[in-house]
Amino acid sequence: MKVTEHIKKANGKTLFSFEILPPLKGQNVQSIFDNIDPLMEFKPPFIDVTYHREEYVFKELESGLLKKQVVKKRPGTVGICAAIQNKYGVDAIPHILCGGFTKEDTENFLIDLDFLGIQNVMALRGDAVKSETYFKPEREGHNFASELVGQIQDLNRGNYLDEELLNTSKTNFCIGVAGYPEKHMEAPSFDSDIHFLKKKIKAGATYIVTQMFFDNQKYFEFVEKCRQEGITVPIIPGLKPIATKKQLNLIPHRFKVDLPDELIMAVVKCKDNAAVRQVGIDWCIAQSKELISKGAPLLHYYSMGKSDNIKAIATSVF
């Protein structure tokens, strides 16, 4: 079932969902199931599975020269989605990126998903690899998420890259995209960020999931701005409980989001990370309850491969 259909079927009740990471290469799928199992009692209609593109490392040869080598640390997004749908009977949503994909790669990826009966995808540009300062697309790939959405929508119309194909089948993907309550880190302004978000919706996206935020007012203002600009699709808040003191610096640096002073001071006063974890849980519970009271269609939690704190939050909220 499509995400938009799940939301419509809920008749105003706020739903629960979460996002997982593929396991590191060398681990099996049981590590995924171990983190999903504790959260199934909250009846998620779908589970997101992130995609991690290849990275480049340079290994020194005996000659002293450096050899560029491609490494993929977290493979298996498509296989994990198939395993989730088979084991739990819920929809799995793979992330699909511009980075690391040619248009042909994208089409083949989508064909595989269609064969598996996967009806939802999350279309993202993706970040630059560590060896690059700025995002660089593949030579025959997409520069922007709006272009990726457009290709997915073309397949939904039965339009493939090979225009000579006859009697092509139409896919039926529901397309999600990212939204940034505090604007994308590369956007020159909040208004320009909304402009490009509108392009993704116009290209065929049917729902938005936000970047994590820790101040609900930023989400409410983001939704209001989107509505003023004619964006009518569901806007799903993305939440992440802070869990370690290190994240006070890591989250603002990596994700370019602000932490409220009240949350910062509560974490600073903690004696250890166990206390920080509880502060993060309590803060996220308060966020969740307010978002539900204001009619958020669904709360989407970034689990980052750990479910214990998400379960503590969901137990108090759902």
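Buried residues account for 47% of the 318 residues in the protein chain. The model is a predicted one.

## The whole chain

The secondary structure of the protein chain comes to 11 helices and 10 strands. Its radius of gyration is 20 Å, close to the 20 Å that the globule rule gives for 318 residues, so the chain is as compact as a globular protein of that length. The C-alpha trace spans about 60 × 60 × 45 Å along its principal axes.

## Rings that pair

How many aromatic pairs are there? The count comes to 11 aromatic pairs. One of them joins phenylalanine 190 and phenylalanine 222. Their ring centres are 6.3 Å apart, and there are 75° between the planes. That makes the pair edge-to-face, because planes over 60 degrees apart count as edge-to-face.

What does this pair tie together? Phenylalanine 190 lies in helix H6, which covers residues 190-203. Phenylalanine 222 lies in helix H7, which covers residues 216-228. The pair therefore ties together parts that are 32 residues apart in sequence.

Are the two partners buried or exposed? Phenylalanine 190 is partly exposed, with a relative accessible area of 27%. Phenylalanine 222 is buried, with a relative accessible area of 2%. The cut-off for buried is under 20%, so the value of 2% counts as buried.

Phenylalanine 213 and tyrosine 219 form another pair. Their ring centres are 5.4 Å apart and their planes are at 10°, so this pair is stacked. The cut-off for stacked is under 30 degrees. Phenylalanine 213 is buried, and tyrosine 219 is buried too.

Ring pairs also build a cluster. It links Phe16, Phe18, Phe42, Tyr301 and Phe318.

## A charge over two rings

Which rings have lysine 87 over their face? One is phenylalanine 33, where lysine 87 lies at 5.0 Å from the ring centre. Another is tyrosine 88, where lysine 87 lies at 5.5 Å from the ring centre.

## The second largest pocket

Which residues line it? The lining consists of Lys13, Thr14, Leu15, Phe16, Glu41, Phe42, Lys43 and Phe318. By kind, these residues divide into 4 nonpolar, 1 polar and 3 charged. Phe16, Phe42 and Phe318 are in this lining, and they are also among the members of the ring cluster.

Now for some individual positions. The table sets out where each residue sits in the accessibility scale.

| Residue | Relative accessibility | Class |
|---|---|---|
| Serine 17 | 0% | buried |
| Serine 192 | 14% | buried |
| Lysine 256 | 39% | partly exposed |
| Valine 268 | 45% | partly exposed |
| Asparagine 11 | 69% | exposed |

Start with serine 17. It lies in strand E1, residues 15-20. Its C-alpha atom is separated by 28 Å from that of aspartate 261. Along the chain, serine 17 and aspartate 261 are 244 residues apart.

Serine 192 belongs to helix H6. How far is the C-alpha atom of serine 192 from that of glutamate 221? The two atoms are separated by 15 Å, and the residues are 29 apart along the chain.

Valine 268 is found in helix H9. Its C-alpha atom is 8.8 Å from that of leucine 248. In sequence, valine 268 and leucine 248 are 20 residues apart.

## Two positive phi angles

Asparagine 11 is not a glycine, yet it has a positive phi of about 55°. Where is asparagine 11 placed? It sits in the loop between helix H1 (3-9) and E1. Asparagine 11 is exposed, because its relative accessible area of 69% is over 50%.

Lysine 256 also has a positive phi of about 55°, although it is not a glycine. Its place is the loop between helix H8 (247-255) and helix H9 (261-268). Lysine 256 counts as partly exposed, at 39% relative accessibility.

Terms used:
Residues numbered from 1 in each chain as written. Predicted model: local features only at pLDDT ≥ 70, side-chain atom pairs only at ≥ 80, totals over all residues. Heavy atoms only, no water. Phe/Tyr/Trp six-rings, centres within 6.5 Å; stacked < 30°, edge-to-face > 60°. Helix = DSSP H or I, 4+ residues; strand = E, 2+ residues; numbered from the N terminus. Buried < 20%, exposed > 50% of the residue type's maximum accessible area, 1.4 Å probe, protein only. Lys NZ or Arg CZ within 6 Å of the ring centre and 35° of its normal. 1 Å grid on protein atoms, 1.4 Å probe; cavity = no way out; pocket = protein on both sides within 12 Å on 5 of 7 lines; lining within 4 Å. Nonpolar A, V, L, I, M, F, W, Y, C, P; charged D, E, K, R; others polar. Rg over C-alpha atoms; globule rule 2.2 N^0.38 Å.
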